[in-house]
Amino acid sequence: MAELVFTVNSEERVTLQSFLREKCGVSRRLLQKLKNREGGITRNGEFIRTVDEVSDGDVIVLNCGECSDIEPNGELKADIIFENENVIIFDKPSGMPVHPSVRHRRDTLANLFAYLHPQLTFRSVNRLDKDTSGLCLTAKDPFTANLLQKKCRKVYFAAAEGIITESGTIKAPIAREHESIITRCVRDDGQRAVTHYEPIMHSRGHTLLKIDLETGRTHQIRVHFAYIGHPLAGDNLYGGSRKLIGRQALHCGKMILRLPDSTEEAEFSAPLPIDIKNIFEL
């Protein structure tokens, strides 16, 4: 069972709820869930209510572990870039969905996670499309998942069709295409979307780009580069050719975040996959 341990460091007596919410950043939802569970929250090994007071030196333990209802699959492969008691950072291969669906019940990152940690619930902090490769951050407990939401900076690398010679920013609102569940488009009534990019190299009529997202809309990179006339290689949903690669040439290659219990940011990276390298004959 996954546990979160906090030690009270305060001369003032405060309620457990105040300590966990204000000092530790535990979400109201998690507290509500744990206080109704036998043994969910303990102080110095004994049951404690959220309205009870805690004092300096008390050790508070949150028992957050949950049994997963996702079928484990140990035949799946995804490199683990980093792992500690709070998170796993996977280098997800293209072709692997993050979450199970009607068409993908046993071949997802969640199925692999269930095999590695059958006692935990799968919580993906950042989501990648099935055919997008790269870094995927998974929290091992709800506290960490809540703490890291929108606090992880991701850097993408993409192969765009055509030659892009200068860095730039695309500001174009993105909306759902009418009568489509999947496809997005640039439209005036869409949500604000901002993409920053920098060309790295050119080869065979393509540009390798480094991309920073200021916002995180569905298909944002794919839609924005199609909008400016440079669709991603392999992205046939948005006008890209599959002559050189059989999927959208998009890879989450860097991730910068501050892990729980750390005062400094850490940077993690995953190398470009071979199919994107082959576009540039690297």
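Is Glu71 buried, partly exposed or exposed? Glu71 has a relative accessible area of 39%, so it goes down as partly exposed (buried is under 20% relative accessible area, exposed over 50%, and partly exposed in between, with a 1.4 Å probe and protein chains only). The model is predicted, so local features need pLDDT of at least 70 and side-chain atom pairs count only at pLDDT 80 or more, while totals for chains, interfaces and linings use all residues. Residues are numbered from 1 along each chain as its sequence is written, and side-chain values use heavy atoms, with hydrogens and water left out.

Glu71 pairs up with Arg106 in a salt bridge, with 2.7 Å between the closest N and O atoms (a salt bridge puts a side-chain nitrogen of Lys or Arg within 4 Å of a carboxyl oxygen of Asp or Glu). The two partners sit 35 residues apart, Arg106 in the loop between S8 and helix H3 (109-116) and Glu71 in the loop between strands S6 (59-63) and S7 (79-83). Helices (H or I, at least four residues) and strands (E, at least two) are DSSP runs, numbered from the N terminus. Arg106 is partly exposed too, at 38% relative accessibility.

Across the whole structure, the search turns up 14 salt bridges. One of them joins Arg204 to Glu281, with the closest N and O atoms 3.9 Å apart. That pair spans 77 residues, from the loop between strand S15 (194-203) and S16 to the segment after helix H6 (274-279). Glu281 is exposed at 59%, whereas Arg204 is partly exposed at 42%.

Now for the nonpolar side. The largest nonpolar core holds 29 residues, and Leu137, Ile211, Phe225 and Leu257 have the most contacts inside it (such a core is a set of buried Ala, Val, Leu, Ile, Met, Phe, Trp, Tyr and Cys residues joined through side-chain atoms within 4.5 Å). S17 is the top contributor to this core, giving four residues. A second, separate core has 18 residues, including Val8, Leu30, Ile41 and Leu62.

Met255 lies in strand S17 (residues 250-257) and counts as buried because its relative accessibility is 0%. Beyond four places in sequence, Met255 touches residues including Ile89, Leu137, Cys152 and Phe268 (contact means heavy atoms within 4.5 Å).
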